[in-house]
Each structure stands twice: as structure tokens, then as C-alpha cells.
Amino acid sequence: MLFIIFRVGDDRYVVDAKKVIEVVPLVKLNHFSNTANYVAGLCNYRAVPVPVIDIRCLLEDVISRAVMSTRILLVKYLDYHHHEHHLGMIVEHATETISLEVEQFHRSAQHSSENNYVSNMMTDENGIIQWMDVDRLLSRHDCGVLYGSLAEPEE
Amino acid sequence: MDEQIKNCWSTIGVWGAEDEKCPRLDDVLHCRNCDVYSNAGRSLLTRAIPEDYQDYWTSLLAKEQTRKSHDSLSIVVFRLGDEWLGLPTITIKEISEIRPVHGIPNSQSSVVKGLVNVRGELKLWVSMGRLLSVDKGGDSDTTVLRKNFLERLVIFVKDGEQFVFPVSEIIGTHRIWKENIREVPATAANSIYSHLAGLFELEGRHVGLLDQELLFNSLQRNLV
């Protein structure tokens, strides 16, 4: 199974490549008011506004560095009602894909909160790789704020 | 990352002039297989984003995606004198260096120039310029050396028959969307236009797409 690997600080994370529509450079974003601080803004993706979140900000409360290797992963996000939306994820060091077997991952112990987006992890010679579940990135509240106000007609 | 990149590949690596070679080379054979080299390459991406690059991508992403058409045609584009022409890649068996042509005694055809030896096989050398009435072109600005340097032989194959013809220059293989291929103007009466299936634009040039059937039929008619 193919994953896109990126880093948050020194930690490595992967997302399922099938969830990713496109990897684009860090484009300029429009301000999205009254949202959580990890929401970086709105990106005009093919004439449709797409909320973009900063993964480093979500995890570490530090804004991702504006360098070439920091990119936006445009992913298919499935909300709590199983509606598909587009979501942008700003991630650092998104320069590589990696092929990993699902069996290599261990289920992690913590799955208490509703947004336990890192549920599986594995180790290789360079350390731990954590699998980020895109669909669990947003809390129910944030999801409502991001997609409720956009009122994007689906289907 | 502000740290200086250690360019070991140009000191003790394969591009190095020193006698002492990197011990890793025993395993990886070439620097490009070495993770030190690839990591150094990736670290180049750890630089600030140029402003215009960001602007360009912002506007590019905002645009509606152009409709993806799966109807495309792979075309080898070449120059014949002053004319830019293309043939479907599928009809071209090979592109080779210019080889000497051996004349056929008592040949009446103006199109057939002779025989050419391509890897031990004798093939018919035809003059496309003569067939299509294309001038060799006044290569005033190109030197003889450059002219010879660019010339290639194209081996055209159709229904098992092969024809070899020289072209002035090969541009390469391009994938052209069928919707971008325009029709040939009906008023064009030139011999070249009667062999065209369509016209398309490539990097500012107008390229005529040769109709393989017409070309093949025309070649066969002109054999004798």
C-alpha cells in the first residue's frame, strides 16, 4: 500500500496515498475567520473554497515553515455523516512516497477521544512511522465550523 | 536547513578527482544510489518559496481543471526542409543515423532514391521531399555541419512494408490531444496538404500530421 510520508518536527507520519487527490506547493490562502488556530485558511481549489489545516500547528502548536518542501496535500475527507469533502493539509517534508504493508502497523492503545487521528504505528530502521487517519483529523465541532459554513452542495 | 551541504560526491564520490574513494561506493556502486546524495538533493527543497512561484501556483490551483481528454495521439514530429510534419508513432519502426544510399540502376522513379542497409536488411530509401513537393529549404543560417548533425533516417512501416526516408531534424515524440488537431483547410491544393490528416500547433510551430494511409498509397504508386 502506498503512503505519502511527511514529518512533523522529527516525527514521521504517513497518509494513505489513495486519500490524496493532489500534492501542491504552499499556495497563498485566504483568511478563515472564527476557526481553530490550526486552520490555516481557505484555498481556492479549482474555483471551490477548500479549508486548509496546518498539521504541525494541530500537533505542536507551531506553524509550518514556509519552505519548498512544505506542501499542501489535498485529501478526500469523509465527515461524520460520511459526506466527502476536500481538505487541505499543510505538511512539512512532503517529498516522498513510501510503500508499506498494512500488517506492519500496530494498533496503538489510545483511542479515547473522537479525534484520535493517529491510530496505527510501525517501526523501521529509522524509527517510528505513524499513520494519520485523515477522516479523524477534525473534531465534530471543527468539522461543523469548516464545512457547515461553506455549505458546499454535495451529490 | 542552513547547514552546508557536504558535496562528498565530488570529492570522494564518483565525480571526485581524489584517489581515495568513499567506502560506501563498494555497496552502492554509484553516488546516485547513495542516501547521502539523495538526502542532499532533497534538502534543496528546504529553501524559501519564491514569491512568484507561490503566486503562480495560487492562480493555477484556482483555475478550473482543463477537461481531461483521453483521446490522444502519440506523434513523432520532424522537420522536412521548411515544413514541420508528424507521423503517428505507431507507424515509425525506428529512427537511425544517416546511412549511405545505394542507387538502383535504371530506376525510373523520382521518389525512390535507392536501397539502404539498416542492420543487414535492405530497405527502400524514398524521398519524402519529392513525394510531398517540399523544398529542401534554404538552410542559409544553418551550417553544413549542423545540418548533417541533425539529419536522421526515419523508418516508416505500414502493413509490413518498410520505407526509409531522411528528415532534416527530429523534434521528438509528442502526445497531442485529438481535439487540438485541426482540419486541413480545403482550399489548400498543394501536394503536401493532400497528404495531411490534420494540423496542430506545437511550441509555436504549425505541424502537419501526415495521413499514414494516404502516404502509404502514394508511396506505393510512386515505386515504379
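This is a predicted model: local features need pLDDT of at least 70, side-chain atom pairs count only at pLDDT 80 or more; totals for chains, interfaces and linings use all residues.

Let's begin with the core in chain A. Take A:Ile53: leaving aside residues up to four places away in sequence, A:Ile53 touches A:Tyr38, A:Val39, A:Ala40, A:Leu58, A:Leu87, A:Gly88, A:Met89, A:Ile90 and A:Leu137. A:Ile53 is also one of the residues that touch the most other members of the largest nonpolar core, which has 42 residues. As background, nonpolar side chains in soluble globular proteins tend to be buried together.

Most residues other than glycine have a negative phi. A:Arg46, though, has a positive phi, near 50 degrees. You'll find A:Arg46 in the loop between strand S4, 39–45, and strand S5, 48–54.

Where does A:His93 lie? In strand S7 of chain A, residues 84–99. A:His93 counts as buried, because 21 other C-beta atoms lie within 10 Å and the cut-off for buried is 20 or more.

So what happens where the two chains meet? On the chain A side, 15 residues are in contact with 14 residues of chain B. Two elements of chain A give two or more residues each to that side, namely strand S3, 20–25, and S4. S4(A) gives the most, with three residues. If you sort the chain A side by class, you get 10 nonpolar residues, three polar and two charged.

Over to chain B. Its 224 residues are 20% buried, and the chain has six helices and 11 strands. Looking at contacts between residues at least 6 apart in sequence, 55% join residues at least 24 apart.

The bit I'd like you to look at in chain B is an open sheet of six strands, in the order S3-S7-S8-S6-S5-S4, with mixed pairing. At the edges sit strand S3, 92–96, and strand S4, 101–102, each pairing on one side only.

S3(B) runs antiparallel to strand S7, residues 152–158, and four bridges join them. Within that pair, B:Ile92 has B:Phe156 as its bridge partner, while B:Ser96 stands opposite B:Leu153.

Next along, S7(B) is joined to strand S8, residues 161–167, by seven bridges, again antiparallel. How many residues sit between the strands in the hairpin of S7(B) and S8(B)? Two, and in that hairpin B:Asp159 takes a positive phi near 45 degrees.

That's my tour, so over to you for questions.

Conventions:
Residues are numbered from 1 along each chain as its sequence is written. Chains are lettered from A and ligands numbered from 1 in the order in which they are written. A residue is buried if 20 or more other C-beta atoms lie within 10 Å of its own, exposed if 12 or fewer, and partly exposed in between; C-beta atoms are placed from the backbone. Two strands pair if DSSP finds at least two bridges between them. Two residues are in contact if their C-beta atoms, placed from the backbone, lie within 7 Å. Ala, Val, Leu, Ile, Met, Phe, Trp, Tyr, Cys and Pro count as nonpolar, Asp, Glu, Lys and Arg as charged, and the others, Gly among them, as polar. A nonpolar core is a set of buried Ala, Val, Leu, Ile, Met, Phe, Trp, Tyr and Cys residues joined through C-beta atoms within 7 Å.
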